[in-house]
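Biologist: Hello! Could you walk me through this structure and tell me what the words you use for it rest on?

Modeller: Gladly; let us look together.

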Amino acid sequence: MYFDVASTAPLHPVARQALTAALDEGWADPARLYRSGRQARMLLDAARETVAEVLGCRADEVSFTASGTQAVQLGVLGALTGRRRTGRHLLHSAVEHSSVLHSAERFEAEGGEVTTAPVDRLGRVSPEAFAALARPDTALAVLQSANHETGTVQPVEETAALLGEVPLLVDAAQSAGRVALPGGWSLLAASAHKWGGPAGVGVLAVRKGVRYVSPLPADERERGRVPGYVNVPAIVAAAASLRAVRAEAEAENVRLHALVERIRRQVPRLVPEVEVVGDPVHRLPHIVTFSCLYVDGEVLLSELDRAGFAVSSGSSCTSSTLTPSHVLAAMGVLTEGNVRVSLPYGTPEDAVGRFLELLPGLVAGVRAPLGLDLPAPAAADGSAELVLDMLGKRCPLPVIELAKRIGEVPVGGSVVVLADDEAARLDVPAWCEMRGQAYRGTAPAEHYGVERGTAYLVERTA
C-alpha cells in the first residue's frame with residue numbers, strides 16, 4: 001500500500017486522460033498566432049481559469065512554474081526584490097519547507113535580515129506572536145497553510161489580519177486541492193504532483209497590487225514572473241486533476257479523517273514508547289506522524305517496505321544526512337524513529353487495519369537487539385483504553401460484552417463501545433448507573449475508524 005502522498009500523489013485518472021488529449025491538441029507554442037498556437041493558448045488560458053477558480057483569485061494573477069519549490073523560491077525572492085524600498089527584513093515560521101529556508105539563507109547572505117517565528121509543541125504559530133515579530137522594514141512574511149511533515153494547519157487568516165500591510169506568502173503545497181484554502185494571502189505557491197497532477201508543474205499566484213519583481217533575467221513568458229517555455233499539456237492535466245480532486249474532496253476527506261484518527265488513537269495503544277505529533281484538531285485529514293523511541297527511522301521504514309507499506313519519515317536522520325528534521329526540532333518533539341503516514345484517496349479501511357496489525361511486531365523486531373524492558377502500551381492520555389466493536393449486534397449483546405471485558409482496563413481506564421443498535425443509547429448509561437461505572441457520553445464513531453454507529457464512552461471507576 002502506498003501511504004506517502006505527502007511526498008507525491010499517484011497520477012489522477014483525469015490527469016492521465018487530459019495529458020493524453022493535450023499532447024495531441026496543445027503541443028504548439030501558445031505565443032504564436034497560427035492555428036495550432038492559438039489552440040494551445042486556448043488550452044493554457046482555460047487551465048489558468050480553472051486553477052484560479054480553485055485558489056480563489058483572478059486568472060491573470062496565476063503563473064505556472066516548473067515545480068512547487070520553484071514557485072516558493074520565485075515568490076519569496078520576487079516579493080523581497082519588489083519591496084526592497086520598504087526594507088530588507090523577512091519573517092517566516094520555524095516549520096516552513098526547505099525551499100523557504102534556502103531562499104531565506106540566500107537573502108541573508110545578500111545582506112537581508114531574517115526572523116524565524118517559533119511554534120508550539122503541536123507545530124502551530126501564535127498569530128499574535130507571529131505578527132508581533134513584524135517590523136516597519138518587514139518586506140515579506142511567509143506562513144505555510146499546513147505542514148508537510150505533521151499535517152498541522154496554520155492560522156493563516158488570523159495571522160494575515162494582524163500583519164496589516166505586510167504581504168503574506170502562503171505555501172499551500174500540501175493543502176491545495178484537498179481542503180479549502182485560507183484567505184488573507186498576498187502570494188501563494190502550490191505543486192501539481194501533490195494533488196495528483198503530473199510532476200513538473202508548480203503554481204505561483206501574486207495578487208494584484210503586490211509589488212513583485214522577478215529575481216531572474218527578464219522573459220516575456222508568464223507575465224515576466226517565470227522564464228522559459230511553458231509545458232501546456234502538463235499544465236492542462238494539472239488543472240483538470242485539481243478540479244477533479246476538489247470535487248471528490250468533501251466526501252473523501254471525511255473518510256480519510258476517520259482512518260487517520262484511528263491511527264492516531266491506536267498506535268500509542270499498540271506500541272509502547274510512541275508519541276503522535278502534530279495538532280489533533282487543526283490538521284489535514286490524510287497525514288499523521290508518530291515517533292518511536294529507541295528506533296532508527298530508516299530501519300523501520302525498510303521493515304515496513306518489506307511488509308508492503310510505502311511510508312515516509314518526518315526525520316532526516318538517515319544515512320544520507322545526520323541533520324534531524326527542523327520541523328520536529330522546532331516543535332520540541334522526538335526527532336528519532338519517525339513514521340509519516342499520508343493516505344491517498346481511495347485508501348481501503350482494511351489496509352489501515354493491516355498496517356496497525358503489523359506495526360507492533362515490526363517495531364518490536366527493530367528494538368529487540370537493544371534488550372529493552374519496555375512498559376505495556378498505553379493510550380495517548382496515559383490510561384488504558386479498550387475499544388469494543390459491537391456493530392451489527394443487537395442489545396443486550398453490547399452491554400454483555402462491556403460487562404465481560406471492563407475488567408481488562410485499570411481503574412481510571414476507559415472502554416469505548418461501538419454500537420449501531422439504538423437501544424444501546426439507553427442500555428449503556430443504565431448499566432453504568434447500576435454497576436457504579438462512569439458514563440462519559442458519546443463520540444462520533446468516525447473517530448474510531450468506522451463509518452456507522454455511535455461510540456459510547458465508559459470510564460472504569462470501580
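Biologist: Which residues of helix 11 are buried?

Modeller: In helix 11, residues 397-405, the buried ones are P398, V399, E401 and L402. Buried means under 20% relative accessible area, exposed means over 50%, and partly exposed lies in between, with a 1.4 Å probe and protein chains only. Helices are DSSP runs of H or I with at least four residues, strands are runs of E with at least two, and both are numbered from the N terminus. Please keep in mind that this is a predicted model, where local features need pLDDT of at least 70 and side-chain atom pairs count only at pLDDT 80 or more, while totals for chains, interfaces and linings use all residues. Residues are numbered from 1 along each chain as its sequence is written, and side-chain values use heavy atoms, leaving out hydrogens and water.

Biologist: What makes the buried residues of helix 11 line one face?

Modeller: Looking down the axis of helix 11, its buried residues fall within an arc of 160°, so they line one face of the helix. The arc is taken from the directions from the helix axis to the C-beta atoms. Those buried residues pack against strand 11 (385-389), strand 12 (414-419), helix 12 (424-435) and strand 14 (454-459). Contact here means heavy atoms within 4.5 Å.

Biologist: Why are strand 1 and strand 3 said to stand at the edges?

Modeller: Seven strands form an open sheet in the order 1-7-6-5-4-2-3, with mixed pairing. Strand 1 (62-65) and strand 3 (113-117) each have a single partner strand, so one side of each is left without a neighbour in the sheet. Two strands pair if DSSP finds at least two bridges between them. Strand 2 (residues 89-93) and strand 3 are joined by five bridges and run parallel, so by that definition they pair. Within strand 3, T115 is the bridge partner of L91.

Biologist: How do you know that strand 6 is largely enclosed?

Modeller: Five of the five residues of strand 6 are buried, so the rest of the structure largely encloses this strand. L187, A189 and S191 point one way, L188 and A190 the other way, and all are buried. On pairing, strand 5 (residues 168-171) runs parallel to strand 6 with three bridges, whereas strand 7 runs antiparallel to strand 6 with five bridges. L187 has L169 opposite and V206 in strand 7 as a bridge partner.

Biologist: Why is H92 called buried?

Modeller: H92, found in strand 2, has a relative accessible area of 4%. Buried it is, because the cut-off is under 20%. Among the residues that H92 touches are V100, L101, F130 and V142.

Biologist: What makes R58 and D60 a salt bridge?

Modeller: A salt bridge is a side-chain nitrogen of Lys or Arg within 4 Å of a carboxyl oxygen of Asp or Glu. In R58 and D60, the closest N and O atoms are 2.7 Å apart, so the pair meets the definition. D29 and R32 also form a salt bridge, at 3.6 Å. Of these two, D29 is buried at 11%, while R32 is partly exposed at 42%.

Biologist: Which residues do salt bridges with shared partners join into one network?

Modeller: E408 and R405 meet in a salt bridge at 3.0 Å, N to O. Through shared partners, E401, K404, R405 and E408 form one network.

Note on methods: Lists of a residue's contacts leave out its neighbours within four places in sequence.
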